[in-house]
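Visitor: I would like to learn how to read a model like this one. Please take me through it feature by feature.

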Amino acid sequence: MTTGVGGDPILIWGAGAIGGILGAYFARAGQAVQMVDIVEDHVTAMSTDGLLIEGPVEEFRQVLPAATPETLTGSYRRVILAVKAHHTELALDMLMPHLAEDGYIVSAQNGMNERQIALRVGAHRTVGCFVNFSADWLGPGRILYGNRAAVALGELDGSMSSRLQEMHSLFSLVEPKAVMTDNIWGYLWGKMGYGSLLFATALTPESMSDAMDPAVHRPVYAMLGGEVMRLAAAEGVQPIGFNGFDPLAFSTVNTQQIDKSIDTMVAHNRKTAKTHSGIYRDLAVRKRKTEVDAQIGILVEIGRLHGIATPALECLYDMIRDIENGKREQSTELLDRMVPLCS
Ligand SMILES: NC(=O)C1=CN([C@@H]2O[C@H](COP(=O)(O)OP(=O)(O)OC[C@H]3O[C@@H](n4cnc5c(N)ncnc54)[C@H](OP(=O)(O)O)[C@@H]3O)[C@@H](O)[C@H]2O)C=CC1
Ligand SMILES: CC(C)(CO)C(=O)C(=O)O
């Protein structure tokens with residue numbers, strides 16, 4: 001096990017866009033970290049020349065102890081999971097032998113990963129986390145930090161523990177406005193709502209802002225956001241807003257407030273150097289599967305469990321799957337096709 005300044009190392013599992021930024025900021029502040037990733041040349045770059053954080057927020061290079069899952073040794077008390085949601089299960093298989101008996105896992109991901117992690121290790125060993133800052137893995141040893149944005153951490157049962165305070169201090173190194181919350185599910189459901197809008201922007205080749213702005217497509221965003229907020233209510237969760245996303249506007253179908261919310265999200269995303277969502281990037285740049293099952297698919301399932309119709313989410317799900325499978329191309333026309341369903 002790698003030790004160093006700053007106490008026992010924090011294990012960051014998945015050292016891409018989000019995990020890489022967290023690790024670089026923690027290590028720069030003197031906190032011992034251990035990065036793990038399956039991309040061998042990225043692991044080599046991080047531990048030799050260092051990880052280069054680029055973009056408008058800050059630029060610096062940080063050498064980081066890094067290993068592949070196969071070469072990692074030791075056991076760790078604090079683990080941050082930052083793989084894509086559809087890799088959570090496999091990553092858990094790989095990391096479990098390295099989780100200390102009194103260890104816990106923080107999910108720095110989009111989706112409902114906390115549920116999956118809690119099933120494996122118990123809710124008492126799972127810490128919830130919501131991240132909305134934007135980042136792209138550009139290549140081995142290179143990450144774009146696109147903009148600063150909301151971050152929240154919370155225990156699943158809403159308690160304010162000492163480990164939560166410890167994690168909050170660490171995440172505050174990256175985002176000084178990071179908050180500790182007694183309603184982490186509210187943030188995670190808020191992000192599910194916002195995430196459904198991001199998936200809709202990824203139907204097109206446009207930037208997040210350009211895809212969300214036109215009045216003609218706003219009924220699509222309104223309906224998607226509304227469906228997700230209704231599901232959150234059925235789950236007994238009070239969603240929390242951030243960076244322009246206003247849960248109340250969508251849940252009450254208040255057109256004026258929805259417009260205001262969309263305007264604010266458009267303005268927020270005009271300021272990021274990461275112009276397109278991670279979903280767009282998976283489809284158009286990385287040419288790989290998106291988190292559609294873990295983000296949109298799971299919502300459709302939750303709708304079925306509660307007997308709540310989710311036609312817009314189902315349509316979005318099918319279209320994203322078709323793009324993944326090469327049956328359709330990203331096009332603004334796909335948003336056009338959703339308009340009659342949502343009007
Ligand atoms: N990027 C962003 O701006 C934001 C992302 N998020 C969320 O954060 C999470 C992480 O996303 P992001 O950082 O963008 O993703 P990245 O793809 O940039 O990083 C994930 C890294 O984990 C690697 N990986 C995959 N499987 C394993 C495994 N079993 N063990 C170890 N490493 C593995 C990936 O390799 P490979 O590429 O080969 O799969 C990749 O290098 C996602 O849930 C995303 O939705 C949330 C907010 C913003
Ligand atoms: C847009 C972003 C970066 C949040 O700001 C995101 O969550 C994604 O790309 O999936």
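Guide: We go from domains to ligands, then to the core and some helices.

Guide: This is a predicted model: local features need pLDDT of at least 70, side-chain atom pairs count only at pLDDT 80 or more, and totals for chains, interfaces and linings use all residues. Residues are numbered from 1 along each chain as its sequence is written, and chains are lettered from A and ligands numbered from 1 in the order in which they are written.

Visitor: Which domains divide the chain?

Guide: Domain bounds come from an automatic or database domain assignment. Here they give domain 1 (10-182) and domain 2 (186-342). Taken over C-alpha atoms, their centres are 25 Å apart. Domain 1 puts 22 residues into the contact, and domain 2 puts in 17. Contact means C-beta atoms, placed from the backbone, within 7 Å.

Visitor: Which strands supply the side of domain 1 that touches domain 2?

Guide: Helices (H or I, at least four residues) and strands (E, at least two) are DSSP runs, numbered from the N terminus. Strand S8 (126-131), S9 and strand S10 (142-147) each supply at least two residues of that side. By class, the side has nine nonpolar, ten polar and three charged residues. Ala, Val, Leu, Ile, Met, Phe, Trp, Tyr, Cys and Pro count as nonpolar; Asp, Glu, Lys and Arg count as charged; the others, Gly among them, count as polar.

Visitor: How many residues surround ligand 1?

Guide: A residue counts as near a molecule if its C-beta atom, placed from the backbone, lies within 6 Å of it. Ligand 1 has 30 such residues, the closest being Gly14, Gly16, Ala17, Gln109 and Asn110. Helix H1 (17-28), helix H3 (88-95) and strand S9 (134-139) each give two or more. The shell holds 16 nonpolar, ten polar and four charged residues.

Visitor: Where does ligand 2 lie?

Guide: Both domains give residues to its shell, so ligand 2 lies between them. Among its surrounding residues are Asn110, Asn132, Ser134, Lys274 and Ser277. The shell divides into three nonpolar, five polar and one charged.

Visitor: What is in the largest nonpolar core?

Guide: Start with burial. A residue is buried if 20 or more other C-beta atoms lie within 10 Å of its own, exposed if 12 or fewer, and partly exposed in between. A nonpolar core joins buried Ala, Val, Leu, Ile, Met, Phe, Trp, Tyr and Cys residues through C-beta atoms within 7 Å. The largest here has 114 residues, of which Ile12, Trp13, Ile21 and Leu81 touch the most other members. Helix H6 (residues 184-201) gives the largest share, eleven residues. Beyond four places in sequence, the contacts of Ile12 include Leu22, Val33, Met35 and Ile80.

Visitor: Is Gly139 buried or exposed?

Guide: Gly139, in strand S9, is exposed, with 12 other C-beta atoms within 10 Å.

Visitor: How many residues of H8 are buried?

Guide: Twelve of its 17 residues are buried, so H8 (218-234) is mostly covered. Those buried include Val220, Tyr221, Leu224 and Met229. After H8 comes Gly236, with a positive phi near 80°.

Visitor: What do the buried residues of H13 pack against?

Guide: The buried residues of H13 include Leu313, Leu316 and Tyr317. They pack against H6, helix H8 (218-234), helix H11 (278-285), helix H12 (292-306) and helix H14 (332-342).

Conventions:
Contact = placed C-beta atoms within 7 Å.
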